[in-house]
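Here is a short briefing on one protein chain. Keep the sequence and the model side by side as you read.

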Amino acid sequence: KNIGIFMKTHKIVLTSMATLLIVSGTFLPSAKPEATTKTVSTYAGSTIMWSKNVVTFTYSGGSISKSSAIQNSGAIFPLNMSQKGIRKTQSSSSMQTYVGTYTGSGGITTPWGNANLISQTRSLRTIIHGNGSYSGGWIN
């Protein structure tokens, strides 16, 4: 009995930057850059009173596919740092901006709690980019 091994050759064609491979009549999409998730923080303050925006985002190929943000703050008594909310103020596929608002105050201790003598509200901005970079700081 004669047993033979037969191999069929297939032509592979590379087309443009979209890079579609034609293999055996089947179209295969090109490999996309793998998405990366990164968590960054913009910190402002000192060891006795601080504010921090924490932003987590997923990016690939210069674009941001999703993002979210939280606030973090603290102070040593009788100082106080209150979180007033964080929101996305600018959004495109390549850049997003989050602004967190904080109120810092200080006062004296009374039997009924802390009596604030001074209070200031400021906003902390965090800008994220589709290439994974970020920047930030106080804006007022």
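How many helices and how many strands does the secondary structure of the protein chain come to? The count is zero helices and 10 strands. The model is a predicted one. Read from the N terminus, the elements run β-β-β-β-β-β-β-β-β-β.

**Chain overview**
- The protein chain has 140 residues, and 24% of them are buried.
- Its accessible surface is about 9500 Å². Carbon and sulfur atoms hold 57% of that surface.
- Take the contacts in the chain with a separation of 6 or more: 42% of them link residues 24 or more positions apart.

- Strand E9 covers residues 113-129, and strand E10 covers residues 134-138.
- The two strands run antiparallel, joined by five bridges.

**The aromatic pair**
- A search of the whole structure turns up one aromatic pair.
- Phe-57 and Tyr-59 form that pair, with 5.5 Å from centre to centre.
- Are the two rings stacked, edge-to-face or tilted? They are tilted, because the planes stand 35° apart, and stacked needs under 30 degrees while edge-to-face needs over 60.
- Both partners are buried, Phe-57 as well as Tyr-59.

Key. Residues are numbered from 1 along each chain as its sequence is written. This is a predicted model: local features need pLDDT of at least 70, side-chain atom pairs count only at pLDDT 80 or more; totals for chains, interfaces and linings use all residues. Side-chain values use heavy atoms; hydrogens and water are left out. Two strands pair if DSSP finds at least two bridges between them. Helices (H or I, at least four residues) and strands (E, at least two) are DSSP runs, numbered from the N terminus. Buried means under 20% relative accessible area, exposed over 50%, partly exposed in between (1.4 Å probe, protein chains only). Contact means heavy atoms within 4.5 Å. Accessible areas come from the Shrake-Rupley method with a 1.4 Å probe; for residues, only the protein chains shown count as cover. Rings of Phe, Tyr and Trp (its six-membered ring) pair if their centres lie within 6.5 Å; planes under 30 degrees apart count as stacked, over 60 as edge-to-face and the rest as tilted.
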